[in-house]
Amino acid sequence: MKKFRMTACRGVLAVLGLGLVWPASPAAAQTTYLNDSVRTFVSRHRPAILQEFVEFLAIPNLASDTVNIRKNASALVRMLQRRGLETQLLGAGDAPPVVLARSPADPTKHTVTFYAHYDGQPVNKADWAHDPWQPTLVNAGTPGAADSDDSATRLYARSSSDDKAAIIGLLTALDALRAAGVPPSVNLKFFFEGEEEAGSPHLHEILAAHADVLQSDLWVICDGPTNQNGQPQLVFGSRGVVSAQLTAFGPNRALHSGHYGNWAPNPIVELTHVLSRLRTTEGEVTIPHFYDAVRPPTASERDALESVPNVDARLKAELGLARTEGQGALAERIMKPGLNVDRIEGGGTGPNPANAIPSSATAYLDFRLVPDLTPELVKAQLERYLRELGYYVLDGPPAASDRVAHPKPSFARSGPSRGATWCCYLRWGAAHRHICLNNTSGGRSSAFPSPITTTTNTPRTKI
Ligand SMILES: [Zn+2]
């Protein structure tokens, strides 16, 4: 179940304050003044902020629900226009529109575009204690009497965190800055997507078709998690991903293990042996030349690691881990490329699986990528290595003739992919220590790093 901490907007508010008002080495006193002003604004206007948020969350927001997703876009337009912003719907056929909003532009200033998405993940209502589109305040300590001023209170609703919280945070930050009489030092654009959770199938098309109105000096992707220590986090890069599906084939039908075991090759066993050749239990990928193309972290990126909070000990306890893979802290380890086994399918399942040698077994893999390790390189390296290990690599299920001609028929198929980015172009400032700064993160969002990376060729960061 998604939950929204009543403090969740603070990250966006704080970064807006630091990033937009004083872009270069802000004096600590100014930062304190701005943050205090924003906190005062939020505490004074909490009921109104909450009311706007609740009304927005109450609109069902599955990208495939055409009627309701457009109601979300219309509501957003009203919320933005109420704040005097110029709005525009960027469409592509019947796709949920991107809602774009702009402040009046000053050509002498830089322009920053803030990204968030207003659609949400599919819902299984049986998993929910409340209707996901009837936002409900809950305080575990005082059931039935949740107080929005209590920091222990949570607001439960679909997208109350991912990612409508970012939208409300941005708009509230704008209100707070105005109330404090602090004009942004940059031109503002807001880009709110309506089908991120559906894989952003039209994002590239929309970015390309509207490149002129999307001109920007920086994109800030407001679709990331807080740091594991609970603090807001600004992330400067994202690991890419390429998925792969690897199938090993055995007999052309399942065989009784008593009658045929030790004679007919078992594809699950074949597959586990293949996997053991691809990576170690310490997270090192053992595909030849896998690391050759990897761009090593720069001196400033290595320095930056020093300021990333080390959450490893607490996380290990929380996750029930006696050890972690390899050497180094979490923030350092996720700067490396990696290979993850998502799942393995093969044989019978359920309470009474047959004692059988199955016909095939499939492993679903995802490779996490860093600059300059591309999806194409990984695909080529994996296929070459499988052949070196003696496997006959097909691009589809084997024909009967393939099965009898090749001792180790296998089928490797690549899945969706996107590139990785690192963009440590912003200064790491000592005055910003109350916000976590991190070199990279996972980044499931299809908006980060690609296709915004590839289509707009604009620097971006993520909060
Ligand atoms: Zn999201």
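This section describes the fold, strand pairing, cores and confidence of one predicted protein model.

The protein chain has 463 residues, of which 38% count as buried. Its secondary structure comprises 13 helices and 20 strands. Among contacts with a separation of 6 or more, 76% join residues 24 or more positions apart. Confidence averages a pLDDT of 84 over the chain, and 82% of the residues score at least 70.

Two sets of strand pairings were examined. Strand S3, residues 98–102, is mostly covered, with four of its five residues buried. S3 pairs with two strands described here. Strand S2, residues 86–90, runs antiparallel to S3 and is joined to it by five bridges. Within this pairing, leucine 90 has valine 98 of S3 as its bridge partner. Strand S7, residues 187–193, is also antiparallel to S3, and four bridges connect them. Here arginine 102 is partnered by lysine 189 of S7.

The second pairing involves strand S11, residues 240–249. Eight of its ten residues are buried, so S11 is largely enclosed by the rest of the structure. S11 is joined by ten bridges to strand S15, residues 360–369, and the two run antiparallel. Threonine 247 stands opposite threonine 362 in S15.

Helix H4 spans residues 164–179, and its end C-alpha atoms are 23 Å apart. Glycine 181 follows H4 and has a positive phi, near 70°.

Helix H9, residues 312–319, is hardly covered: among its eight residues, the count of buried residues is zero. Glycine 320 follows H9, again with a positive phi, near 70°. Helix H12 covers residues 400–405 and contains alanine 405. Alanine 405 has 11 other C-beta atoms within 10 Å; a residue with 12 or fewer is exposed, so alanine 405 is exposed. Tyrosine 392 lies 13 residues from alanine 405 in sequence, with a C-alpha to C-alpha distance of 9.6 Å.

The nonpolar cores come next. In soluble globular proteins, nonpolar side chains tend to be buried together. The largest nonpolar core in the model has 50 residues. Phe114, Leu170 and Phe192 have the most contacts inside this core. H4 gives the most to the core, with ten residues. Leaving aside neighbours within four places in sequence, phenylalanine 114 is in contact with Leu170, Phe190, Phe191, Val220 and Cys222. Another core, of 23 residues, lies apart from the largest one. Its members include Leu246, Leu339, Leu373 and Leu386.

Notes. Residues numbered from 1 in each chain as written. Predicted model: local features only at pLDDT ≥ 70, side-chain atom pairs only at ≥ 80, totals over all residues. Buried ≥ 20, exposed ≤ 12 C-beta atoms within 10 Å, placed from the backbone. Pairing = 2+ DSSP bridges. Contact = placed C-beta atoms within 7 Å. Expected span 1.5 Å × (residues − 1). Core = buried A, V, L, I, M, F, W, Y, C linked by C-beta atoms within 7 Å. pLDDT = per-residue confidence, 0-100.
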